[in-house]
Amino acid sequence: MDEMDGRRWHDMGGLPAGEVRKDDHDFALWEKRVDALMVLCGAKGHFTVDGLRRALEDMGPEAFEKYTYYERWIAAINQNLIEAGVYSIEELGTRMDAVQARGPSYGEANLQDG
Amino acid sequence: MPHDHPHDHLSPSGHPFRTDNDTPLSYFQTMEIAVRELLIEKGVLTPAEIATQIEVMDGRSPANGAAVVARAWSDPAFKARLLEDAGAASREMGFDIGPLNLIAVENTAETHNLVVCTLCSCYPRNLLGLPPDWYKTRAYRSRAVKEPRSVLREFGLDLPESTQLRVHDSTADMRYIVLPARPEGTSDMDESELAKLVTRDAMIGAGLPRAPGG
């Protein structure tokens, strides 16, 4: 019997898995910003934690293995904000191109202090 | 932007620095900057709000939870209130718990508690700060509910078979924090001394408090 019968990939309680690696790291500023965007947009009612999780779960297990936690979070936040009509896909694309054109590092590409 | 991380050293919290502003701009960092700028331009957020939220989150650390635990060890009436309603008791001490339900589970001579979020990464972040990376791994999420004794042994905690183990699976609006048992030999210690014995892992259940003088 398939142990995933009736549940999705993120519902991983009880599944076989390897040793727990005691990894930890101090969060980079960009990761803290992603966390802050989630908390603040949630507090202002632009989406809910359920909306965030729905987007994260829809990314599937490949994204879970391939991308870091806050990489997946910013993608999920972005998806919710576009769905909520806060900005359009075109606005996002145009802005991402502009950000990339500013320079090769995060420090150079970031203009805002906030 | 010039940047002077001592990359080969550990941070004050004992972790390796994660590379930050001076590494090549990644796709998702580009997205973060773009999303943040659009939110500011659309009037959804201000730069000051974002900076303040980061400061608030940076100010949350396991020291907050440790203060709550040390109060519970020192004050039986507070402990009773904590076990009754951990959110309300934590608010008494000035900690912002937000709208989530917070439940404190008590370790005793007979019982050990362990906290996990099998579905995602729910964690008592208002009292402990952001969760450690391992809390969010497939290995921990999968195995903590199925073979918690093995997981705890990997954390260096070998519980006797006679100890009852309770594993609590968190949800987005129901978070757990472990109230560890007060260590032996601490009867002369005051709250601030006691708080120094309380580790983050002890409040997740993945460890025990430090021994006094240890």
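## Contacts and fold of chain B

In chain B, residues 24 or more positions apart account for 64% of the contacts that have a separation of 6 or more. The model is predicted. Of the 214 residues in chain B, 38% are buried.

Ten helices and four strands form the secondary structure of chain B. Read from the N terminus, the order of these elements is α-α-α-α-α-β-β-α-α-α-β-β-α-α.

## The side of chain B that touches chain A

Contact between the two chains involves 60 residues of chain B and 59 residues of chain A. Four helices of chain B each supply at least two residues to the side that touches chain A: H1 (27–41), H2 (47–58), H7 (138–143) and H8 (148–154). The largest share, 13 residues, comes from H1(B). By residue class, this side of chain B comprises 31 nonpolar, 13 polar and 16 charged residues.

## The setting of B:Arg200

B:Arg200 belongs to helix H10 of chain B, which covers residues 200–204. Is B:Arg200 buried, exposed or partly exposed? B:Arg200 has 19 C-beta neighbours inside 10 Å and therefore counts as partly exposed, since a buried residue requires 20 or more.

When residues up to four places away in sequence are not counted, B:Arg200 touches B:Pro62 and B:Leu128. B:Trp73 lies 127 residues from B:Arg200 in sequence, and the C-alpha to C-alpha distance between B:Trp73 and B:Arg200 is 16 Å.

Methods:
Residues are numbered from 1 along each chain as its sequence is written. Chains are lettered from A and ligands numbered from 1 in the order in which they are written. This is a predicted model: local features need pLDDT of at least 70, side-chain atom pairs count only at pLDDT 80 or more; totals for chains, interfaces and linings use all residues. A residue is buried if 20 or more other C-beta atoms lie within 10 Å of its own, exposed if 12 or fewer, and partly exposed in between; C-beta atoms are placed from the backbone. Two residues are in contact if their C-beta atoms, placed from the backbone, lie within 7 Å. Ala, Val, Leu, Ile, Met, Phe, Trp, Tyr, Cys and Pro count as nonpolar, Asp, Glu, Lys and Arg as charged, and the others, Gly among them, as polar.
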